[in-house]
Amino acid sequence: TGDMVRAGQMLAVGESNISLSDYSIRSPIAGTVLARNVAVGDLAGEAPLFEIADLSTLWVDLHLFGVDGDRIRPGLPVQVERLSDGQRAALTLERVLPRAATASQSTVARATLMNEDGRWRPGAAVRARVAVSEHEAAVAVPLSAVQRYEGNDVVFVRDGDRYEARTVRLGERDGERADVLAGLEAGEEVVIEQSYLIKADIEKASASHDH
């Protein structure tokens with residue numbers, strides 16, 4: 001199990017219980033042995049002796065729920081991330097299956113993943129982001145830069161050695177960035193990592209002044 005085999009490669013030798021002559025059992029395709037269901041001395045029956053699959057191309061099935069299923073269509077770009085280690089691949093949705101998944105009642109969209117190096121394994125759990133539309137933003141910030149402060153969306157702008165909590169009005173966002181419609185000019189320096197620490201410092205200073 002796990003070995004790579006060539007098309008036509010001999011996997012085992014059987015012996016006919018009628019003629020007592022030997023015959024070869026060969027792989028019909030090139031691929032990976034997923035299961036071996038026979039050992040030396042076993043009787044061959046109707047069950048498969050070996051299970052072999054070509055893993056150089058895999059399907060990625062994405063389960064869509066609710067209104068998301070209505071927004072997804074073939075041809076959209078999708079970023080797939082493996083949950084176990086963060087490995088990513090940029091794919092294109094090829095089809096949306098016409099029937100819902102029975103157990104989850106979800107809509108299933110499918111993309112093809114090229115896997116010549118064998119780094120992706122069947123059954124691996126993935127997370128995916130599908131871009132349903134796109135536009136060019138004049139000013140955008142990472143979502144990690146945005147904090148809620150006094151009921152508003154703010155970013156922390158550098159002003160010399162200090163940081164100012166700047167209220168911003170946000171537009172559309174994807175899984176990584178948000179479009180800034182007002183409150184921030186292009187080129188201004190904002191905190192994009194651990195901005196929550198600056199928020200905590202400002203709130204702590206405000207609390208001290210209240211006392």
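Student: How many bridges join β7 to β8?
Tutor: Five, and the two strands run antiparallel, with β7 covering residues 77–82. Strands here are DSSP E runs of at least two residues, numbered from the N terminus, and two strands pair if DSSP finds at least two bridges between them. This is a predicted model, in which local features need pLDDT of at least 70, side-chain atom pairs count only at pLDDT 80 or more, and totals for chains, interfaces and linings use all residues. Residues are numbered from 1 along each chain as its sequence is written, and side-chain values use heavy atoms, with hydrogens and water left out.

Student: Which residue in β8 is the bridge partner of E81?
Tutor: R88.

Student: And what is in the hairpin of β7 and β8?
Tutor: Five residues lie between the strands, and G86 there takes a positive phi near 80°.

Student: OK, other pairings. What about β7 and β10?
Tutor: Those two are antiparallel as well, over five bridges. R82 stands opposite V126 of β10.

Student: How many bridges for β8 and β9?
Tutor: Three, again antiparallel, between residues 88–96 and residues 107–114. R95 has R110 in β9 as its bridge partner.

Student: What is the order of the strands in the sheet?
Tutor: β6-β9-β8-β7-β10, an open sheet of five strands with antiparallel pairing.

Student: Why is one side of β6 and of β10 left without a neighbour?
Tutor: β6 (57–64) and β10 (126–130) stand at the edges and each has a single partner strand, so one side of each has no neighbour in the sheet.

Notes. Helix = DSSP H or I, 4+ residues; strand = E, 2+ residues; numbered from the N terminus.
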